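Please have the sequence and the structure open while reading.

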Amino acid sequence: MTTITRVETFLVAPRWLFVRIETESGIVGWGEGTCEGRSETVRTAIEQLSEIVVGQDALRIEDHWQVMTKGSFYRGGPILASAVSGIDQALWDIAGKHFGAPVHQLLGGPVRDRIRMYGWVGGDEPAEVADHIREQVEAGLTAVKMNASGRMSPLGSVAEIDGVVRRVEAAREVLGADRDVAVDFHGRFSLATAKRVAPLLEPYRPFFLEEPVVPENSHLIGDFVRSTSTPVSTGERLFSRQEFLPVLQAGIAVAQPDLSHAGGITETRKIASLAETFDALLAPHCPLGPIALAACLQVGFATPNHLIQEQSIGIHYNQGAEVLDYVLDAAPLEFVDGHIERFTGPGLGIQVDEAAVRAADRKGHAWRGPVWRHPDGSFAEW
C-alpha cells in the first residue's frame, strides 16, 4: 500500500528544512521545504498540511497538490508554497520508488543526458572575484553567477556603478569567450539604477541579468527588459504560474522558480510549460540542499526549455554543513565537464543519510538573513 502513515520535518544546518514522508509499505520519500529565514514557520505549516495527506494514497500527487494549495480560503504566499513544495517533492520521490523509476521518467522521460551547472562566486574587489572564479573553473564549471553589488544606494553613485562594471569585467577576463557569467541584481537596485547599469555591462556579454527589481515591483520589469539587449531573468520570489505570467508577458528570457518555494515539482513543471509558450527558458533557483537540487535536476532532465541549473556546493552560506553531508553517495551529484549526468536511480535519484539528518535536527538552526541599512539609517535591500 502507498498509504501515507507519517510526515516528519527536520531543521538541519546550515539553513534547510527537510521533509520525510513514510508509507504503509515502508517506502520513504524525501523533500525540501526550506524557506530561508522562515523555515520554522514552514515547519508548522507542514504539520498542518499533514492532516490532509496522512491516511491518503501517496500516488495521488496532483490531487494532494490541489487540496493543499486551494483547500483553505486564504491561499498562496511563500510559507504555504514552501510547505507544499516539501511535501510535493517527497510524494514524487515515493512515486518514483514505487514504480522503480527516476522522477524524470514519470514526467515523460528524459529530453537530455546531462545538465549544465553553475556556481556562485563572491568577492568585493575585482581581484577577489577573479580568484573565486578560477576556483570554480578548476572545479570543472563552465558558468558562474555573481552579485552585481553589495548594498546599493537608491540612486547608485559613480563609484558604486563603476565597481559593478569592474567586477563583471574581471569575471569576463578570467572566463574568456567560452564560459558564462550571470549577474544577480538581487532586487538591490532601484529601477533607475538598474537601467543605468545594464547598458554598461553589455560589452561583457552577461549570460543573464537576474532580479533587476524586487518581486513586488514585477509590473516594472518590462521597462527594464526594454532597456537592455542582455537576457533578463527573475522568479526565485515568485510562487505560481499566475505570478510568473506578468513577467513572462513583459519579456523575461529566463524563468527561475525555486522548487522549494514554488509548489514543488508539480507547479514548476507547469511554470516551465507556461514559459515555453513565451519562448522563455527555465533555470531553477537552488542555493539550497541536496534534496532540492535533486528535485531540480529531475525536472531539468524532462523539460525541453531547461537552460542551466544553480547549485550551492561550497557556497558561503553553507556554514556548519555542506550539501553533500546529507547524502550516502555523492557520485550522482559529481560534476563531469561542468555538468551532472542524468540520474538512473528511482525517485529523486539520491540516497538521503537519515542518521545524519536526524542528528543535525537535534541541533537545529535558526538561520536569518542579514538586515542591511543605508548610511542614513534607513532600510536597505539585501
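Phe-73 is exposed, with a relative accessible area of 73%, and Tyr-74 is exposed at 66%; exposed means over 50% relative accessible area, buried under 20% and partly exposed in between, for a 1.4 Å probe and protein chains only. The model is predicted, so local features need pLDDT of at least 70 and side-chain atom pairs count only at pLDDT 80 or more, while totals for chains, interfaces and linings use all residues. Residues are numbered from 1 along each chain as its sequence is written, and side-chain values use heavy atoms, with hydrogens and water left out.

Rings of Phe, Tyr and Trp (for Trp, its six-membered ring) pair if their centres lie within 6.5 Å; planes under 30 degrees apart are stacked, over 60 edge-to-face, and the rest tilted. This rule gives 11 aromatic pairs. One of them joins Trp-16 to Tyr-326 edge-to-face, with 6.1 Å between centres and 75 degrees between planes. Trp-16 belongs to strand S2 (residues 16-23) and Tyr-326 to the loop between strands S11 (309-310) and S12 (339-341), so the pair ties together parts 310 residues apart in sequence. Strands are DSSP runs of E, at least two residues, numbered from the N terminus. Both Trp-16 and Tyr-326 are buried. Phe-73 and Tyr-74 also pair edge-to-face, at 5.2 Å centre to centre and 90 degrees.

Charges come next. A charge sits over a ring if NZ of Lys or CZ of Arg is within 6 Å of the ring centre and within 35 degrees of the ring normal. The charged end of Arg-15 sits over the ring of Trp-367, 4.7 Å from its centre. Lys-270 lies over the face of Trp-65, 5.0 Å from the ring centre.

Terms used:
Helices (H or I, at least four residues) and strands (E, at least two) are DSSP runs, numbered from the N terminus.
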